Amino acid sequence: MVYIKRLLSGCQTLTCEPNLTSTVSLSLPLSLFLSAGGVCIAQSLKIPREPRSWEFEKIIRRLMETPNARAVIIFANEDDIRRVLDAAMRSNQTGHFLWVGSDSWGSKISPVLKQERVAEGAITILPKRVTIDG
């Protein structure tokens, strides 16, 4: 745990804009949670609603602007995650970023299919789930 906290001591966040199926933005709660844990956020970026392919290359360029903050905490849908990883691969940034993501890609193969090298070493978080009777 100490090693992970040190990796995240200077990180970046990447979340998607709320859309019709998700009306809540994760940017503010995520930032507050990380700050409370002593994690320094170098910058927070958002994936726009209905993004065009060139916007993912722009996101990778923006992430590269803070080279010492290589950990990227990404909470987005499967398609956006796939497109971010693809843009990182096409930008020759395989191995540069440490991706920390949600269960939307940690429990599924589709976001990383044929992009395993760029996603290698990623840490994904799966919330504890409990069945409630009733």
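Strand β1 is mostly covered in this predicted model, with six of its seven residues buried, where buried denotes under 20% relative accessible area, exposed over 50% and partly exposed the range in between, for a 1.4 Å probe and protein chains only. Helices (H or I, at least four residues) and strands (E, at least two) are DSSP runs numbered from the N terminus. Local features require pLDDT of at least 70 and side-chain atom pairs count only at pLDDT 80 or more, whereas totals for chains, interfaces and linings use all residues. Residues are numbered from 1 along each chain as its sequence is written, and side-chain values use heavy atoms, with hydrogens and water left out.

The secondary structure of the chain comes to six helices and five strands, which follow one another along the sequence in the pattern α-β-α-β-α-β-α-β-α-α-β. Of the 134 residues in the chain, 37% are buried. Among contacts (heavy atoms within 4.5 Å) between residues at least 6 apart in sequence, 72% join residues at least 24 apart.

The five strands form an open sheet with parallel pairing, in the order β2-β1-β3-β4-β5; two strands are taken to pair if DSSP finds at least two bridges between them. Strands β2 (40–47) and β5 (123–124) stand at the edges, each with a single partner strand, so one side of each is left without a neighbour in the sheet. Strand β1 (residues 10–16) is joined to β2 in the parallel sense over seven bridges, and within this pairing G10 has C40 as its bridge partner, while L14 stands opposite L45. Five bridges join β1 to β3, again running parallel, and here C11 stands opposite A71.

Within β1, residue L14 is buried, with a relative accessible area of 0%. Not counting residues up to four places away in sequence, L14 touches L45, K46, I47, I59, V72, I73, I74, F75 and V84. The C-alpha atoms of L14 and L63 are separated by 9.2 Å, although the two residues are 49 apart along the chain.

Helix α3 (residues 53–64) and helix α4 (residues 78–90) have axes that come within 9 Å and cross at roughly 65°; axes are lines fitted to C-alpha atoms, for helices over the stretch in contact, and angles run from 0 to 180 degrees between N-to-C directions. The crossing of α3 past α4 is right-handed, that is, the near helix is turned clockwise from the far one by less than a right angle. In this contact, S53, F56, E57 and I60 of α3 meet D80, R83, V84, A87, A88 and R90 of α4. By class, the contact has five nonpolar, one polar and four charged residues, where Ala, Val, Leu, Ile, Met, Phe, Trp, Tyr, Cys and Pro count as nonpolar, Asp, Glu, Lys and Arg as charged, and the others, Gly among them, as polar.

The buried residues of α3 are E55, F56, E57, I59, I60 and L63, and they pack against β1, β2, β3, α4 and β4. The end C-alpha atoms of α3 are 18 Å apart, which agrees with the 16 Å that its 12 residues should span at 1.5 Å a residue, the expected span being 1.5 Å times one less than the number of residues.
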